[in-house]
Amino acid sequence: MRILEVTDLVKTFKAKRRFLKRSPEVICALNGLSFNLDEGETLGLVGESGCGKSTLARCLLKLYPVDSGHIVYRGRDITRLNPSQMKPLRCEMQMIFQDPSASLNPRMKIGNALMEPLVVHNIVPKDQRRDRVTELLNLVGLHADAMGKYPHEFSGGQRQRIGIARALTVNPRLIVADEAVSALDISIQAQIINLMTDLKARFNLSMIFIAHDLKVVEHIADRILVMYLGKIMEVIHSDEIKNARHPYTKCLLSAVPVPDPRAASHRQILKGEIPSPANLPAGCVFHTRCPIARRECAQHVPGLREIKGGHQVACGLV
Ligand code: SF4
């Protein structure tokens, strides 16, 4: 069953008006995105900084309004729901942030921080809340003693565990993890990814896992969606990632460090900077950096076409 269906999503922002400019610049963060997420599936979202991943996460959870398009959650179009209509769904859709400290009050003990959603949403009877918080802490590999401590008393990895516990307090169905492991050391990243994989299986969670590192996403995701300048470049099953066809995905794969120095000579290096989303290139948005671009690439916008069994590519030349 589909938990999420996204169709033609467009989101723009108006930048501040620049000196001597008549009208403010329009930044196109999402440029007609369509994809689905099945119940119990993890969809990995990758792309460079500025490609629109975090904007997409916030639009999906209705933290940003969208310009056009549709977001259907469990069969219900939630695109135009107002905050009070969204309130019952807030528990079902939770976000895990890159910096868990940002979502934790530095002056609030962890026990109170985890208890707060239970009180606000009246999920657990008063006399059972402490037990529920202990259970949540144990689920994420922390001891019940953590309840009496403040966020600054924990390491980055432990704080992310608390962030995960906080997301789980309200029994969500959908988790959007926005660069949840990007700020952590490699060894801690692996621990948090294993934890999230276990919890996902245990509670049959559906997940959108956002990261700029393709290798990290490959470990946790069932399918991978590659984004560039607010558009989908490729959708591929993670165990098929080696057979990626889009030149941008190949460049991202080439950027993954490998122990074999001979492999480094075959690398496709991504040259230049990502263009400004306020001034999108005509035709294929990747043509200014594509290693195999031809003249016609600047004239035609390639649509997303299916190659085989759910593998989709937005490029007419591969
Ligand atoms: Fe490269 Fe052209 Fe394909 Fe775009 S359409 S990815 S520019 S080859």
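Predicted model: local features only at pLDDT ≥ 70, side-chain atom pairs only at ≥ 80, totals over all residues.
The strands are a handy place to start. In general, strands of a sheet pair through backbone hydrogen bonds, either parallel or antiparallel. Here, an open sheet of 4 strands runs in the order E2-E1-E4-E5, and its pairing is antiparallel. Strand E2 (26-38) and strand E5 (76-77) sit at the edges, each pairing on one side only. Strand E1 (residues 2-14) is joined to E2 by 10 bridges, with the two running antiparallel; within that pairing, Val 10 stands opposite Asn 31 in E2. Lys 308 has His 311 in E12 as its bridge partner. The hairpin of E11 and E12 has 2 residues between the strands, and Gly 309 in it takes a positive phi near 35°.

Next comes the packing. In soluble globular proteins, nonpolar side chains tend to be buried together. The largest nonpolar core of this model holds 56 residues, of which Ile 96, Leu 137, Ile 164, Met 196, Phe 209 and Ile 224 touch the most other members. A second, separate core has 33 residues, including Ile 78, Met 95, Val 176 and Val 235. As for Phe 209, leaving aside neighbours within four places in sequence, its contacts include Thr 42, Leu 43, Gly 44 and Leu 45, and also Ala 177, Val 181, Ile 193, Met 196 and Ile 220.

Helix H5 (residues 156-168) passes a quick geometry check: at 1.5 Å a residue, its 13 residues should span 18 Å, and the end C-alpha atoms are 19 Å apart, which agrees. Of those 13 residues, 10 are buried, so H5 is largely enclosed by the rest of the structure. Among the buried ones are Arg 159, Gln 160 and Arg 161, along with Ile 162 and Ile 164. What do the buried residues of H5 pack against? Their partners are strand E6 (93-96), helix H3 (110-120), helix H4 (129-139), strand E7 (174-178) and helix H6 (186-203). Thr 169 lies in the loop between H5 and E7, and it is buried, with a relative accessible area of 0%. Setting aside neighbours within four places in sequence, Thr 169 is in contact with Leu 114, Pro 117, Leu 118, Ile 123, Arg 132 and Leu 136.

The shell around the ligand divides into 9 nonpolar residues, 2 polar and no charged. Its members include His 246, His 287, Cys 284, Cys 290, Cys 297 and Cys 315. Cys 284 also figures in the surroundings of His 300: their C-alpha atoms are separated by 6.3 Å, with the two residues 16 apart along the chain. Not counting residues up to four places away in sequence, His 300 touches Gly 283 and Cys 284. His 300 sits in the loop between helix H9 (261-264) and strand E11 (305-308), and at 52% relative accessibility it counts as exposed.

Finally, two non-glycine residues have a positive phi: about 60° for Lys 62 and about 50° for Asn 204. Lys 62 is in the loop between helix H1 (53-60) and strand E4 (68-73), while Asn 204 lies in the loop between H6 and strand E8 (206-210). Lys 62 counts as buried at 16% relative accessibility, whereas Asn 204 is partly exposed, with a relative accessible area of 47%.

Conventions. Residues numbered from 1 in each chain as written. Heavy atoms only, no water. Near = heavy atom within 4 Å. Nonpolar A, V, L, I, M, F, W, Y, C, P; charged D, E, K, R; others polar. Core = buried A, V, L, I, M, F, W, Y, C linked by side-chain atoms within 4.5 Å. Buried < 20%, exposed > 50% of the residue type's maximum accessible area, 1.4 Å probe, protein only. Contact = heavy atoms within 4.5 Å. Expected span 1.5 Å × (residues − 1). Pairing = 2+ DSSP bridges.
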